[in-house]
Amino acid sequence: MTATAPSARLPRADASAVPRPRQRARSSFSLGRALLWVVVGLVLLFLVFPVFVVVPVSFSSAKYLQFPPPGWSLQWYENYFIRPGWVDATFLSIRVALVTTVLATILGTAASLALVRGRFPGRNAINSFMVSPLVVPTIIVAIGVYFFYARVRLVGHPLGLSLAHTALALPFVITNVSATLHGFDERLEYAAMNLGANRWQTFRRVTLPIIRPGVFAGALFAFITSFDELIVALFVSGSGAVTLPRKMWDGLRQEIDPTIAAVSTVLIAFSIVILLSAELLRQRSERTRTATWAAEEEEGLGARE
Amino acid sequence: MATLTTEMAAAPREAQSARFAALRRREQWRYLFLLAPALVFLTAFYGYPVASMLMRAFYDPSWGGQNFAPLVEASSTVEVLGLSLPMNVYLRVFWITLQIALVTTVCTLLLGYPVAYALSSISPGRANLLMMLVLIPFWTSILVRSYAWMVLLGQEGIINEALTAAGAIENPIRLLNTRFAVYLGMVHILLPFMILPLYAVMRGIDRNLMRAAGNLGAPPAAVFRRIFLPLSLPGIAAGCLLVFILSLGFYITPQLLGGQRDVMVSMLIQQQVDLLKWGFGSALALVLLVLALVIYLVFTRLLGVERVFGSARA
Amino acid sequence: MTATANREMRGDPDGLGALGARVVFDRIEKRYGAVVAVNDVSLDIAPGEFVTLLGPSGSGKTTTLMMLAGFEIPTAGEIYVDDDPIAAVPPYRRNIGMVFQNYALFPHMTVGENIAFPLQMRRMSRAEIASKTGEVLELVGLPGYEGRYPRQLSGGQQQRVAVARALVFNPRVLLMDEPLGALDKQLRERLQLEIKALHEQLGVTIIYVTHDQEEALIMSDRIAVMNEGLIEQFGQPTDLYDEPATRFVADFIGESNFIDGTLTQHDGATACVDVSGLGELHAPARPGYAAGTVVALTVRPEKIVAAENGSAPGMNAVAGVVEDVVFVGEMRRYVVRMPGGQRLVLKAQNRIGVQNFERGDPIRVCWNVADGRIV
Ligand SMILES: Nc1ncnc2c1ncn2[C@@H]1O[C@H](COP(=O)(O)OP(=O)(O)O)[C@@H](O)[C@H]1O
Ligand SMILES: [Mg+2]
């Protein structure tokens, strides 16, 4: 036997011992992918289609809900502006939501700093308490707040709504800001202090600019949480603080008035504008991040958990 | 060290240590100072009201457990897995609620998993673009979305009109105010809550693992089943827990889309409060909350789901 | 020490030059719960000295720097900068420059803004800031880079910006935590020389952290070798190499052989070590080691030679068998198995007249008694 013979035979001997994996046809693989994307397309359609279905209804010339619309008109938008209550409710909702946003963002950002950075006992318990409004059924919060407000005379007061909404919105600010803080390189703060910045200057000049996307996302969530909130409003808005969702609810319960389609269309356009500006902001902030963090940092918007 | 200053000799080691310990404590107090406003606020406008409302279950109208009595009084029995369990109108509502939550969770998982999988397998730029289609409904008010389903499912709604026009049916069928409508609406609303955590976990899966498995001879189906699926389990657990717990508290959608019989616990609680049966309403709320809590704990302990609801890093 | 001398010869430096400060760690201890990260560290660092903290990962180097910079508060002990106790001073009032691991450049600021930051915190005028920024960028060899963002720079350039930022406010002490750790070997070697030159030029006290012993040997006036929170030895590079205080130091710095044995005789100048199966070996005596203790005799591989015959006076000689040979270009590295089972590594230059051995060959090796050391 020559020296080269065994080595030449060796691979073949191995191959017979371990069967080669069966070669799948490439086409079946891409067929699977095609099928996957068909399913994905259908699911995405299911998600988006109902949202946009109200748009043509809002431009209908019919006097009641009818599809397809027999003709086009702006009568429902006219209704929205002329009929009493709608515009007032819109402005009230915006006011309540703005106050909520400011309160929740300030309180939540400060709390997140403490919860992420601090090492004090009970930190996890406090954190759980502060994000629990996310999972406690809103009806329970609403009724609890209603009993409480009845005693302190806050029922029917816009401020009462803002305060209750702030409680519901705080978890969103805390989760979003905490997520960005976790991805934040603490050495940057050390560096700032080492260079002579005191704690406030460090926060203003270094921490805040870098966690801004998280703070902004939290603020956005806070605004939307308040602006869309119905259940608490059902209990505590009384007759003095009728918000837009409350007004829509009343409308929906009575008759399906296409004015609601007009309002809905405005709200959908509003959400899309918010979403797009958030996306633009995210892209801009992405450009100011160093490459090394991009991997560490969580998605800009995060889950609306 | 012999040349050191007098100060050093003057400061005994114990006193020094105590001074540093105080400094470190002050550092932690700074954090409490940041935390306090939010904590006080949340206690006043959420913790206290909710707690005092739940307490009502035990003293309204009088002290004792009588508010829980209607829940355990059996008016009939029901067969579950060969066991006959007591049943009454209130328990039935809990039963319906659990059923709706379960079906919703399963449906969102089945629909959401392929979407998250597909989006996580393409470039982040394109995925973000498609993610817009998930986020648009996510950012749209629940009320608007429920209204949209009313427009779609109503007697003269789009689906009935289309089916009639196509000649598939002669008379409009009842779609709105059915359990099916509740499922549709809730799946629609909660699907993003499933897709987002799934997507986040799947993005974090190292694709080289799958290439390695392929290189080791695993066909695509095996790669998926043996590698990708187990690694995506945390996302599945987080998504399911989130959707299930949120489902339990649903109010608006079943109210608008459901029929007479599709009553969920939240609606029952609201009814009782309307009837001024505050104690009983609170008892129902307490049971619902405990149910949610137990499910949460079982999930997190058994499956080891961490940070589902964004807890602070230990 | 040479830096101090240089500076004194130049007289008072102008512009960016700052005189170094003396830094004293007095019995510093830092615990995290049960973990003792830094254990009773005492160091006296002279003004203008370049001192390196050298040790494996987790030995407490960063923690030591963090306490000097003010981000950690020691659990006991005190730190003095020019005789002022500073352990309780907040970090932003310490005026100590620091180059962080991975640099910690502010990603949302340009290079110019990064460097201006400490000057703004010290409320300097715009004109002054502009001129100082330009000056310090000149110093680190990056003139005109003010407008770039950190991510637009290469690793080496980022490192220079970090140095510039740490120096621009004329600190008297500069801390560097593994500043070259993220760079490739060639760049690292060039920057080592640049940092060294900067030190000579400015006369600032530098405390440098690395786990790379070669880097420490090249750059430092003195090296403190750390292990598990303790300082194993503090001395000049040559002392550390030639007279390691502990087995850890001998092992960590350069390559060493350790021959385990028992100290039998310990008179004035020479110690005898009894190695089982081999007999007695000799090494210079070390005070503090009593006869009867279990010790190791350490000797560097390059000090051992293969010798044909005889044992000259003042030499240790051992006969063994070549167990392994590795060809390393300019030299051969032999592993020799000695009677009794212990192994010895030696390096032989590939030179004319030097005999080559193969695996299994019998070999006689010897080394100067003075080159051995008891640890
Ligand atoms: N914040 C901390 N909490 C607990 N342990 C720590 C902390 N920082 C450092 N340590 C521990 O202290 C020891 C020394 O760490 P370090 O100073 O970072 O070492 P080095 O810089 O030499 O690698 C390590 O064992 C590390 O685990
Ligand atoms: Mg370190």
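Student: How much area do chain B and chain A bury between them?

Tutor: The size of an interface is often given as the accessible area lost when the parts come together. In this predicted model, chain B and chain A bury about 8700 Å² between them, where buried area is the accessible area (1.4 Å probe) that two parts lose on being put together, summed over both. Carbon and sulfur atoms carry 79% of it. Of the area that chain B buries against chain A, 10% is supplied by Tyr46(B), Trp139(B) and Tyr147(B), more than by any other three residues.

Student: How many residues does the contact take from chain B and from chain A?

Tutor: Contact means heavy atoms within 4.5 Å. The contact takes 97 residues from chain A and 91 residues from chain B.

Student: How many salt bridges are there between chain B and chain A?

Tutor: A salt bridge is a side-chain nitrogen of Lys or Arg within 4 Å of a carboxyl oxygen of Asp or Glu. Between chain B and chain A the count is zero.

Student: Which helix gives the largest share of the side of chain B that touches chain A?

Tutor: Helices are DSSP runs (H or I, at least four residues), numbered from the N terminus. Helix α2 (residues 13–59) of chain B gives the largest share, 24 residues.

Student: What is the average pLDDT of chain B?

Tutor: pLDDT is the predictor's confidence in each residue, from 0 to 100. Chain B averages 86, and 92% of the residues score at least 70.

Student: Which conventions apply?

Tutor: Residues are numbered from 1 along each chain as its sequence is written, and chains are lettered from A and ligands numbered from 1 in the order in which they are written. Local features need pLDDT of at least 70, side-chain atom pairs count only at pLDDT 80 or more, and totals for chains, interfaces and linings use all residues, while side-chain values use heavy atoms, with hydrogens and water left out.

Notes: Helix = DSSP H or I, 4+ residues; strand = E, 2+ residues; numbered from the N terminus.
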